[in-house]
Amino acid sequence: MARLIDATKPVDAKAWRRARPLGNPFSVLVYSIIGQQISGFAARAIAGRLSDRFGGRIPSPAELLALDPGDLKSVGLSQRKVEYLRSLAEHIVSGELQVDHLDKLSDDEVRAQITASRGLGRWTADMFLLINLERPDILPIGDLGIRSAVQRLYRLDHLPTPSEVEAIGEKWRPNRSLASLYLWASTRQTPKPAEPAKAAKTRPARRTASRRAAD
């Protein structure tokens, strides 16, 4: 990891977070479901159409449940994502997911609360912890970018499994969030240019016997 940090341009954690979807916890989780398995451009378009129906904001859980599933599909959501969004809203309305109190919970408790809702897995929980709650020791072990970066960093002959990434990342505690940012950065950046080597001092050539004889 020290080699990677030295070879990568410095990471601004605050700027990195600002470039990611922020807002109230429910809207962040809604965006996470919308963005599953589609491009960022398509996710923003669908989220934009949904928020346009509510004056430029993501609906509340109760408002989302009041929508006809057909209305949700009309903004570009698949049937499965409609089910996931409704499951999320139901968990919040019922009190099973105390979305406004996640910041009071431990990392593992946050994961348990989020993943209890259909369509929200460990990756979503880890990204929520890392971006929105700014927890310092989060390693999204299932993220493909993280796994690919670990493969390159350790010169592995295979893409490491999430459990292998977790084992390797143990040595980065308690700063695994920062390690994650550098792993992601390493997949996008060109390495920093190497320091120019100092020119070796040249020693005057020794005269050969024939040259000495000519003097």
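The following legends describe close-up views of a predicted model.

Residues are numbered from 1 along each chain as its sequence is written, and side-chain values rest on heavy atoms, with hydrogens and water left out.

**View A. Confidence along the protein.** The predictor's confidence in each residue (pLDDT, from 0 to 100) averages 85 in the protein, and 86% of the residues score at least 70. Helices are DSSP runs of H or I with at least four residues, numbered from the N terminus. Confidence is highest in helix 11, at a mean of 96, and lowest in helix 13 (residues 209-214), at 45. Over residues 190-202 pLDDT stays under 50, and the model has seven contacts for them beyond four places in sequence; a contact means heavy atoms within 4.5 Å. Residues 208-215 also stay under 50, with two such contacts.

View B. Val-165, Ile-168 and Gly-169 are the buried residues of helix 11 (residues 162-169), where buried means under 20% relative accessible area, exposed over 50% and partly exposed in between (1.4 Å probe, protein chains only). These residues lie on the same side of helix 11 because they cover an arc of only 95° around the axis. The arc is that of the directions from the helix axis to the C-beta atoms. Ser-163 and Ala-167 are exposed on the other side of helix 11. The buried residues pack against helix 10 (144-153) and helix 12 (176-188).

**View C. The largest nonpolar core.** A nonpolar core is a set of buried Ala, Val, Leu, Ile, Met, Phe, Trp, Tyr and Cys residues joined through side-chain atoms within 4.5 Å. The largest has 52 residues, of which Ile-34, Leu-77, Leu-88, Ile-114, Trp-172 and Leu-183 touch the most other members. Among the elements that give two or more residues to this core are helix 3 (25-34), helix 4 (40-52), helix 7 (79-94) and helix 8 (107-115). Apart from neighbours within four places in sequence, Ile-34 is in contact with Ala-43, Ile-46, Ala-47, Leu-50, Leu-77 and Lys-81. In soluble globular proteins, nonpolar side chains tend to be buried together.

**View D. Salt bridges.** Eleven salt bridges are found in the whole structure, each being a side-chain nitrogen of Lys or Arg within 4 Å of a carboxyl oxygen of Asp or Glu. Glu-170 pairs with Arg-173 at 2.9 Å between the closest N and O atoms, and with Arg-176 at 4.0 Å. Arg-176 is buried, at 9% relative accessible area, while Glu-170 is partly exposed at 38% and Arg-173 is partly exposed at 43%. Arg-57 and Glu-63 form a salt bridge at 2.9 Å, N to O; Arg-57 is partly exposed at 40%, as is Glu-63 at 27%. Asp-108, Arg-111, Arg-122 and Asp-126 are linked in a network of salt bridges.

**View E. Gly-142 in its loop.** Gly-142 occurs in the loop between helix 9 and helix 10 and is partly exposed, with 42% relative accessibility. The C-alpha atoms of Gly-142 and Pro-162 are separated by 5.1 Å, although these residues are 20 residues apart along the chain. Neighbours within four places in sequence aside, Gly-142 is in contact with Trp-123, Arg-147 and Pro-162.

Definitions and conventions
Predicted model: local features only at pLDDT ≥ 70, side-chain atom pairs only at ≥ 80, totals over all residues.
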